[in-house]
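Welcome! Let's take a friendly tour of a protein, starting with the whole and then looking at its pockets and one of its residues.

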Amino acid sequence: MTLSSDQFAEISAARANASTTLRPSVPALEAMLFTALPVLDHGFVRVVDYMGDDAAVVQAARVSYGRGTRKTTEDEGLIRYLMRHWHSTPFEMCEIKYHIKLPIFVARQWIRHRTANVNEYSARYSILDKEFYIPAPEHLAAQSADNRQGRGEILTGDAAARVLHLLRQDAEQTYAHYEEMLDENGAGLARELARMNLTLNTYTQWYWKTDLHNLFHFLRLRADTHAQYEIRVYAEAMLETVKAWVPLSYAAFCDYRLGAVTFSAKMLEILKQMLTGTEVTQPTSGLSKREWTEMMASLGK
Ligand SMILES: Cc1cc2nc3c(=O)[nH]c(=O)nc-3n(C[C@H](O)[C@H](O)[C@H](O)COP(=O)(O)OP(=O)(O)OC[C@H]3O[C@@H](n4cnc5c(N)ncnc54)[C@H](O)[C@@H]3O)c2cc1C
């Protein structure tokens, strides 16, 4: 992670400036507030603000006047009930705002999540830093042979060295040309134009604010093993912040969403037959090969 000493000082100053409030706050999240959790080689995730806590979810669900006096076990039961039955609006009462530094190709996937408020660093106004994502050797994988959207074996030896060389060289070269085109003593090209041939592994930054319901939706998709590694690691860092912020909602989310699987009506019928001892095979199941494999994988077979 690359934070300058000025940026560290700004974060420390923000953390030193405590204020009192009647609003609910969460000590475990306060402990991480403003600090940057490193992700990839130069990226980070940091929480810059939040509103609400587990009690706010419960409060909204009960439409109560105060913070309530019920036991944690009752709150936990209610939160689990809400999550189980997709009663989602109480989770929308909590909001969180992140500052995220990420490669542009990750940002392109991330921005597809429309239910958030985003403000990105302006490369029309400012000059992008010379920072590129270069995968660690253990993440430099070949194209998967059986999954068009996935990775296969890790590259090694000359092939790995060549790829790393090309990634670095191309990024360095386009950045050098970016600087040359911007140079006021040379072409002095506008920043909004000079950026156009930078490589997609160049880092950008944004503020990203969303509510807990939509954050869970994002995390379910992007912390999943089907998501690309480079966005998944951001989702995993964010999961740590959510665990600190709303531990009861987080636990319900892990149980009913992240660790859960969905069976179609047809799959449920097959499962019922298997439980009665009837042998079911892919050809007799009525499922496609792919669906059958996925179902068996989720059953650990
Ligand atoms: C593993 C993976 C692979 C993917 N592959 C591709 C790909 O190959 N190509 C590609 O283009 N995308 C791809 N995506 C992106 C994906 O299709 C979604 O765009 C992305 O995950 C955002 O999901 P979302 O629309 O549910 O989220 P959000 O935009 O946050 O929306 C949340 C929910 O709000 C509702 N909603 C929001 N906006 C609208 C609207 N305008 N109309 C109706 N309902 C709305 C929907 O119910 C939606 O589910 C992939 C995503 C994943 C996780």
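## The whole protein

Keep in mind as you look that this is a predicted model. The chain forms 13 helices and 7 strands.

How much of the protein is buried? Of its 301 residues, 37% are buried. The accessible surface comes to about 18000 Å², and carbon and sulfur atoms account for 52% of that area.

## The largest pocket

Now turn to the largest pocket, which has a volume of about 1500 Å³. Its lining has 42 residues, and the closest to the centre are Leu-221, Asp-224, Thr-225, His-226 and Ala-227. Several elements give two or more residues to this lining: strand S5 (141–143) and the helices H8 (212–222), H9 (229–245), H10 (247–258) and H13 (289–298).

Which element gives the largest share of this lining? That is H13, with 7 residues. Sorted by class, the lining of the largest pocket holds 15 nonpolar, 15 polar and 12 charged residues.

## The second largest pocket

The second largest pocket has a volume of about 450 Å³. Here the lining consists of 15 residues, with Ala-18, Ser-19, Glu-30, Leu-33 and Phe-34 nearest the centre.

Helix H1 (5–16) and strand S2 (43–51) each supply at least two of the lining residues. The largest share, 3 residues, belongs to S2. By class, this lining has 7 nonpolar, 4 polar and 4 charged residues.

## A closer look at Thr-202

Let's finish with a single residue. Thr-202 sits in the loop between helix H7 (191–194) and strand S7 (203–211). Is Thr-202 buried or exposed? Its relative accessible area is 0%, so Thr-202 counts as buried, the cut-off being under 20%.

What does the side chain of Thr-202 reach? It comes to the backbone oxygen of Thr-199, at 2.6 Å. Setting aside neighbours within four places in sequence, Thr-202 is in contact with Leu-102, Pro-103, Ile-104, Leu-128, Asp-129, Glu-131 and Phe-132.

Definitions and conventions:
Residues are numbered from 1 along each chain as its sequence is written. This is a predicted model: local features need pLDDT of at least 70, side-chain atom pairs count only at pLDDT 80 or more; totals for chains, interfaces and linings use all residues. Side-chain values use heavy atoms; hydrogens and water are left out. On a 1 Å grid over the protein atoms alone, a cavity is a set of points where a 1.4 Å probe fits but cannot get out, and a pocket is an open set with protein on both sides within 12 Å along at least five of seven lines; lining residues have an atom within 4 Å of a point. Grid points are joined across faces, edges and corners, and a volume is the space filled by probe spheres set on the points. Helices (H or I, at least four residues) and strands (E, at least two) are DSSP runs, numbered from the N terminus. Ala, Val, Leu, Ile, Met, Phe, Trp, Tyr, Cys and Pro count as nonpolar, Asp, Glu, Lys and Arg as charged, and the others, Gly among them, as polar. Buried means under 20% relative accessible area, exposed over 50%, partly exposed in between (1.4 Å probe, protein chains only). A polar contact is a pair of N or O atoms within 3.5 Å; within protein, one must be able to donate a hydrogen and the other to accept it, and residues adjacent in sequence count only if both atoms are side-chain atoms. Contact means heavy atoms within 4.5 Å. Accessible areas come from the Shrake-Rupley method with a 1.4 Å probe; for residues, only the protein chains shown count as cover.
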